[in-house]
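Here are my notes on the model, as numbered points. Please read them with the structure open.

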Amino acid sequence: QVQLVESGGGLVQPGGSLRLSCAASGFTFSWAAMSWYRQAPGKERELVASISGTGGTTNYVNFAKGRFTISRDNAKNTVYLQMSSLKPEDTAMYYCRTTRPSGTVYWGKGTLVTVSS
């Protein structure tokens with residue numbers, strides 16, 4: 001059974017930092033590309049960053065470039081999103097995602113990040 005469990009969200013002041021984690025199970029983690037998405041209330045879910053199975057390739061949406069870093073530890077079956085220089089507009093529910101070879105997409109339940117003073 002594929003399972004993705006996010007953690008690390010919380011309240012942070014503008015300019016602050018936060019590290020999110022996504023613990024994965026139920027599939028061969030090292031073979032799977034992983035992604036972080038986010039969704040603010042009333043808005044569409046949007047891609048934040050993605051990483052290849054080995055961690056050798058990463059991609060970022062423009063708003064994340066230079067501020068967010070995606071990484072993974074395959075020995076721990078965990079993918080991370082390190083966020084810095086946070087802005088109020090970064091406030092959202094952050095989700096971990098993977099796509100199986102069958103085409104089925106799996107999502108975690110999300111972790112809430114609130115950036116406010």
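1. Strand β4 (residues 34–39) and strand β5 (residues 46–51) run antiparallel and are joined by five bridges. Strands here are DSSP runs of E with at least two residues, numbered from the N terminus. Two strands count as paired if DSSP finds at least two bridges between them. Arg38 has Glu46 in β5 as its bridge partner. The hairpin of β4 and β5 has six residues between the strands, and Gly42 there takes a positive phi near 80 degrees.

2. A word on the basis of these notes. This is a predicted model, in which local features need pLDDT of at least 70 and side-chain atom pairs count only at pLDDT 80 or more, while totals for chains, interfaces and linings use all residues. Residues are numbered from 1 along each chain as its sequence is written, and side-chain values use heavy atoms, with hydrogens and water left out.

3. β5 also pairs with strand β6 (residues 58–60), antiparallel, through three bridges. Ala49 is bridged to Tyr60 in β6. Six residues lie between β5 and β6 in their hairpin, and Gly55 in the turn has a positive phi of about 90 degrees.

4. Now the open sheet. In what order do its four strands lie? The order is β1-β3-β8-β7, with antiparallel pairing. β1 (3–7) and β7 (68–73) are at the edges with a single partner strand each, so one side of each has no neighbour in the sheet. From one strand to the next the twist averages 15 degrees. Axes for such angles are lines fitted to C-alpha atoms, for helices over the stretch in contact, and angles run from 0 to 180 degrees between N-to-C directions.

5. Within that sheet, six bridges pair β3 with strand β8 (residues 78–83) in the antiparallel sense. Ser21 lies in strand β3, and its bridge partner in β8 is Tyr80. Is Ser21 buried or exposed? Ser21 is buried, at a relative accessible area of 16%. The scale is: buried under 20% relative accessible area, exposed over 50%, partly exposed in between (1.4 Å probe, protein chains only). Leaving aside neighbours within four places in sequence, Ser21 is in contact with Val5, Glu6, Ser7, Trp36, Thr78, Val79 and Tyr80. Contact means heavy atoms within 4.5 Å.

6. The structure holds one disulfide, defined as a pair of cysteine sulfur atoms within 2.5 Å. Cys22 is joined to Cys96, S to S 2.1 Å. The link of Cys22 and Cys96 is left-handed, with -80 degrees about the S-S bond. Cys22 lies in strand β3 (residues 18–25) and Cys96 in strand β9 (residues 92–99), so the pair ties together parts that are 74 residues apart in sequence. Cys22 is buried, at 0% relative accessible area. Cys96 is buried too, at 0%.

7. The largest nonpolar core has 28 residues, and Met34, Trp36, Val79, Leu81, Met83 and Tyr94 touch the most other members. Such a core is a set of buried Ala, Val, Leu, Ile, Met, Phe, Trp, Tyr and Cys residues joined through side-chain atoms within 4.5 Å. Two or more residues come from each of β3, β4, β5, β7, β8, β9 and β11. Which element gives the most? β3 does, with four residues.

8. Two loop residues deserve a look at the backbone. Asn77 is not a glycine, yet has a positive phi of about 50 degrees. Asn77 lies in the loop between β7 and β8, and is partly exposed at 27% relative accessibility. Ser85, another residue other than glycine, has a positive phi near 50 degrees. Ser85 lies in the loop between β8 and β9, and is partly exposed with a relative accessible area of 41%.

9. Last, Val115. This residue lies in strand β11 (residues 111–115). Val115 is buried, at 4% relative accessibility. Not counting residues up to four places away in sequence, Val115 touches Val12, Gln13, Pro14, Leu86, Lys87, Pro88, Asp90 and Thr91. Between the C-alpha atoms of Val115 and Glu44, 71 residues apart along the chain, the separation is 19 Å.
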